[in-house]
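Visitor: Please walk me through one part of this model up close. I'd like to hear which residues make the contacts, and how the pieces sit against each other.

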Amino acid sequence: MQTSVTTIERFILDQEDRYPEATGELSNLLYDIALASKIIAAAIRRAGLVNILGKAGHQNVQGEEQQKLDVFANETIKNCLQHTGRVCAMGSEEDEDIIPVPPEYAAGKYAVLFDPLDGSSNIDVNSAVGTIFSIYRRVSMHGRGTSSDVLQPGCKQVAAGYIMYGSSTMLVYTTGQGAHGFTLDPTIGEFLLSHPRIVTPRVGTYYSVNESNFHRWDIEMQTAVRGLKGDLSDGVSPKNSRYIGSLVGDFHRNLVAGGIFLYPADTKNPKGKLRLLYEASPMAFIAEQAEGSATDGVQRILDIMPTDLHQRTPLVIGSREDVGYVADTLRRTAARASGPVSQPAL
Ligand code: P6P
């Protein structure tokens, strides 16, 4: 029974104390992000009242209709970060190019990537939406950040996390010392430690995938998903299907309860739908810190070297043994397709 009340500020400071060389800048950057998420959470809570639901009337760089809360969340995060002197460059799902930091503040040590409001198509139906963030140490020597500061492989992240605006507002983050969850107490405006050191079960209860895309997947992926459903005679027990169409909501349920989320490549999205830098990589960092796993089906997400700010990737993420099962099944099915006819059926 957790009796002590630990705020996220206290928790971050305690973690920082373990690193004598820590300057506190990363801690302060995490506070900045927590502040932005409180402002966004308040706006989402009011969304039904002040009629900021619905379309903003124009499209974002992804060619998607921008919801007013998308725009609000994006501007809130930029306004909370760009004048702190802690950030040299930012990248957002809602902005085509790297977001410039005012020159007088651009000497910051960190680059921040974010999806300001993921799952925004769920906004009007009051389903879970979330903010996802990823933090890197800059690689350019000084001055305003460059693409080299944001185009880094996920294994170089110094911190990553998400805020889920659901039945309660939860912030889950990692700095490489485990994954930890905090729940916002709106009466005092504080994130309180509610899920210390999250460990995801090695074998999950759920599988999460948009099965309406089944016919667009290759045979290897079709076989792997059939296996997760218990359709193959390979001894894998069937999992329950849970899919709400919001990465943060689907990922969080599987992280806590155990499960696997998949957004495979398909004939409509040959490189996958989800974005590497501000969706897959931060979630992969958290998954691995919770003893889970994340691949593009075969390759570890955190090893992928990005070449474009908005590049997409297939994503298979969650309980370690389930992610491993998918990779093994993909390889086995491909070998059977190219190997001798006598291979045993699955
Ligand atoms: P589909 C939301 O638009 C999102 O980017 C993720 O949050 C979610 O996992 C995925 O797309 C849902 O995509 O094609 O199943 O609606």
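**Helix contacts and the ligand site**

Guide: Let's start with α6 and α7: L247, V248, F251 and L255 on the α6 side meet E279, M283, I286 and A287 on the α7 side. Sorted by class, that contact has 7 nonpolar residues, 1 charged residue and no polar ones. Bear in mind that this is a predicted model.

Now for the geometry. Helix α6 covers residues 247–257 and helix α7 covers residues 276–289; their axes come within 12 Å and cross at roughly 15°. Angles under 35 degrees count as roughly parallel, so α6 and α7 are roughly parallel to each other. Their crossing is right-handed.

D118 has a polar side-chain atom 2.6 Å from an oxygen atom of the ligand. Y263 has a side-chain N or O atom 2.6 Å from a ligand oxygen atom. For N210, the distance from a side-chain N or O atom to an oxygen atom of the ligand is 2.8 Å.

For another helix pair, go to α2 and α3. Helix α2 (residues 25–46) packs on helix α3 (residues 68–81) at an angle of about 155°, with the axes 9 Å apart. With over 145 counting as roughly antiparallel, that makes α2 roughly antiparallel to α3. Here too the crossing is right-handed. The α2 side of the contact includes L29, I33, I40 and I44, while the α3 side includes F72, I77, C80 and L81. By class, the contact between α2 and α3 has 14 nonpolar residues, 1 polar and 1 charged.

Helix α2 has another partner, α1 (residues 8–16): these two pack at an angle of about 160°, their axes 10 Å apart. That puts α1 roughly antiparallel to α2 as well, again with a right-handed crossing. E9, I12, L13 and E16 of α1 make this contact with S27, L30, Y31 and K38 of α2. The class count comes to 4 nonpolar, 1 polar and 3 charged residues.

Terms used. Residues are numbered from 1 along each chain as its sequence is written. This is a predicted model: local features need pLDDT of at least 70, side-chain atom pairs count only at pLDDT 80 or more; totals for chains, interfaces and linings use all residues. Side-chain values use heavy atoms; hydrogens and water are left out. Axes are lines fitted to C-alpha atoms, for helices over the stretch in contact, and angles run from 0 to 180 degrees between N-to-C directions. Helices (H or I, at least four residues) and strands (E, at least two) are DSSP runs, numbered from the N terminus. Angles under 35 degrees count as roughly parallel, over 145 as roughly antiparallel, 65 to 115 as roughly perpendicular and the rest as oblique. A crossing is left-handed if the near helix is turned anticlockwise from the far one by less than a right angle, and right-handed if clockwise. Contact means heavy atoms within 4.5 Å. Ala, Val, Leu, Ile, Met, Phe, Trp, Tyr, Cys and Pro count as nonpolar, Asp, Glu, Lys and Arg as charged, and the others, Gly among them, as polar. A polar contact is a pair of N or O atoms within 3.5 Å; within protein, one must be able to donate a hydrogen and the other to accept it, and residues adjacent in sequence count only if both atoms are side-chain atoms.
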